[in-house]
Amino acid sequence: MRNNALKPYLTTAWAGQCFLYEEETDSTNFMAKRLAKEGAAHGTLVCAARQSAGRGRRGRTWISEENGNIYMSLLLRPDMEPSHAPMMTLIMAYSVAKAVEQVCKVKTSIKWPNDILNGTKKICGILTEMGMDKGMISYVVIGVGINTGQMEIPEELKDKAFSLDIGKEQKEELMAVCMNLFEENYETFAGCGSLKFLKEEYETRLVNRGKTVCVLEPGNEYRGRALGITEKGELLVEKETGEIVEVYSGEVSVRGVYGYV
Ligand code: BTN
């Protein structure tokens, strides 16, 4: 991929305007964090063909062979409270879901907070990390892994993972459209400070909506029915006792009672 590969499809003022591509890196999130410390600009996007230390949420490994999958990370420098960072993850999930539909004509749903699925199978995962300075956000890095080339899904993942079947140019277009939609949604969010503007559409895609979910908080595990999201991006869960709680995405994992969804 060339460093100007996204240009033909980009309509942004800042997201992806500075684009850096490497054949191999440890993790594009690490790469973006290193660049952040060197002063890289808001909207810098990095991408690699393979990652030697790809990471998922909750300390998991994200297998990142060179197989046509997308491994990319966007660097942001928001002038916001640290508590706003998880909302940016939901904005990215929503933007990627819409971009996949537009570019690949594949229907998507979202497993809160940030997995993008086709039916019940995962297409994309997102890992957001934050750097702080004197109690404020210094940078946020949003890492996005999209299955776009892995036509041979390993047997053990066949029930859980799905890959989009797209070529090199469509892949570049998909990355650019993710940036176009993200920038538009981020600007709306920066203006109003809440996710009110996307709540309804996010909820129509929410795969766990109305379903019984198992909330796995460190030291606290309970079941309830997922109702939707709040304007801050928390998951609303009605416990078996009737109490409605707001689940904050930080350290939590939400599972279906019978499996992943
Ligand atoms: C998850 O679902 O657990 C999140 C997976 C995030 C993977 C992406 S790939 C690009 C970026 N670099 C990483 O090391 N992780 C994210």
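The model I am looking at is predicted, so I take local features only at pLDDT of at least 70 and side-chain atom pairs only at pLDDT 80 or more, while totals for chains, interfaces and linings use all residues. I number residues from 1 along each chain as its sequence is written, and my side-chain values use heavy atoms, with hydrogens and water left out.

**Ligand shell**

I find 20 residues around the ligand, and the closest are Ser27, Gln51, Arg55, Arg57 and Lys122. I sorted the shell by class and got six nonpolar, 10 polar and four charged residues, where Ala, Val, Leu, Ile, Met, Phe, Trp, Tyr, Cys and Pro count as nonpolar, Asp, Glu, Lys and Arg as charged, and the others, Gly among them, as polar.

Which elements each supply at least two residues of this shell? I note helix 1 (28-37), strand 3 (70-76), strand 6 (121-133) and strand 7 (136-146), with strand 6 giving the most, four residues. Helices (H or I, at least four residues) and strands (E, at least two) are DSSP runs, numbered from the N terminus.

A polar side-chain atom of serine 27 lies 2.8 Å from an oxygen atom of the ligand, and an N or O atom in the side chain of glutamine 51 is 2.9 Å from a ligand nitrogen atom. For arginine 57 I find that a polar backbone atom is 2.7 Å from an oxygen atom of the ligand. The ligand taken alone exposes 420 Å², of which the protein buries 98%, with areas from the Shrake-Rupley method and a 1.4 Å probe.

Is threonine 44 buried or exposed? I record it as buried because its relative accessibility is 3%, the cut-offs being under 20% for buried, over 50% for exposed and partly exposed in between (1.4 Å probe, protein chains only). Threonine 44 lies in the loop between helix 1 and strand 2 (45-51), and its side chain reaches the backbone oxygen of alanine 41 at 2.6 Å.

Methionine 1, in the segment before strand 1 (19-25), is partly exposed at 25%. I place glutamate 184 in helix 3 (residues 168-192) and list it as exposed, with a relative accessible area of 52%.

Definitions and conventions: Near = heavy atom within 4 Å. Polar contact = N/O pair within 3.5 Å; in protein donor to acceptor, adjacent residues only side chain to side chain.
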